Amino acid sequence: MSLRPIFYNCFKGWEYVPLVAIAGVFNVILCPAFVIFAWTYKDGYGIRRSLSIGSVTGLLLWVGGIVWRFMRRVSK
């Protein structure tokens, strides 16, 4: 019995393309639409601001992750 080394590059295969595409649609289209839609409502608890900050932060981090991924491929 032999142990294989751990494979750290999990998101390299074609099977992750639908995952990235769905996450892209969510982060690029649905999150900004949610922020614009929710900004018109007034709430007394500050939930609107928290959700908006979370959506914008998630969008920025997702785009940063995609750029990081492609920059690593280009540099090799």
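Where does Trp-39 lie? Trp-39 lies in helix 1, and that residue is a handy place to start a tour of this chain.

A word on the ground rules. This is a predicted model, in which local features need pLDDT of at least 70 and side-chain atom pairs count only at pLDDT 80 or more, while totals for chains, interfaces and linings use all residues. Residues are numbered from 1 along each chain as its sequence is written, and side-chain values use heavy atoms, with hydrogens and water left out.

**The whole chain**

The protein chain has two helices and zero strands. Helix 1 covers residues 17-39, and helix 2 covers residues 47-75. Of the chain's 76 residues, 11% count as buried. Buried means under 20% relative accessible area, exposed means over 50%, and partly exposed is in between (1.4 Å probe, protein chains only). The accessible surface comes to about 7000 Å², and 74% of that belongs to carbon and sulfur atoms. Such areas come from the Shrake-Rupley method with a 1.4 Å probe; for residues, only the protein chains shown count as cover.

**Around Trp-39 and Arg-48**

Leaving aside neighbours within four places in sequence, Trp-39 is in contact (heavy atoms within 4.5 Å) with Arg-48 and Ser-52. The charged end of Arg-48 sits over the Trp-39 ring, 4.5 Å from its centre. To count, NZ of Lys or CZ of Arg must be within 6 Å of the ring centre and within 35 degrees of the ring normal. Arg-48 also forms a salt bridge with Asp-43, with the closest N and O atoms 4.0 Å apart. That term means a side-chain nitrogen of Lys or Arg within 4 Å of a carboxyl oxygen of Asp or Glu, and the structure holds one. As for Arg-49, it is ten residues from Trp-39 in sequence and 8.2 Å away in space, C-alpha to C-alpha.

There is one aromatic pair as well. The rings of Phe-37 and Tyr-41 have centres 5.4 Å apart and planes at 75°, so they meet edge-to-face. Rings of Phe, Tyr and Trp (its six-membered ring) pair if their centres lie within 6.5 Å; planes under 30 degrees apart are stacked, over 60 edge-to-face, and the rest tilted.

**Pro-32 and Ser-55**

Pro-32 belongs to helix 1, while Ser-55 is in helix 2. These two are 23 residues apart in sequence and 7.4 Å apart in space, C-alpha to C-alpha. Setting aside neighbours within four places in sequence, Pro-32 touches Asn-27 and Leu-59, and Ser-55 touches Cys-31, Phe-34 and Val-35.

How do some of these residues compare with the solvent cut-offs?

| Residue | Relative accessible area | Class |
|---|---|---|
| Ser-55 | 13% | buried |
| Pro-32 | 26% | partly exposed |
| Asp-43 | 33% | partly exposed |
| Trp-39 | 46% | partly exposed |
| Phe-37 | 53% | exposed |

**A nonpolar patch**

Val-25, Phe-26, Val-28, Ile-29 and Leu-30 form a nonpolar surface patch, together about 460 Å² of accessible area. Patches take residues with over 30% relative accessible area and no salt bridge, joining like charges within 9 Å and nonpolar side chains (Val, Leu, Ile, Met, Phe, Trp, Tyr) within 5 Å. One of the members, Leu-30, sits in helix 1 and is partly exposed at 46%.

Notes:
Helices (H or I, at least four residues) and strands (E, at least two) are DSSP runs, numbered from the N terminus.
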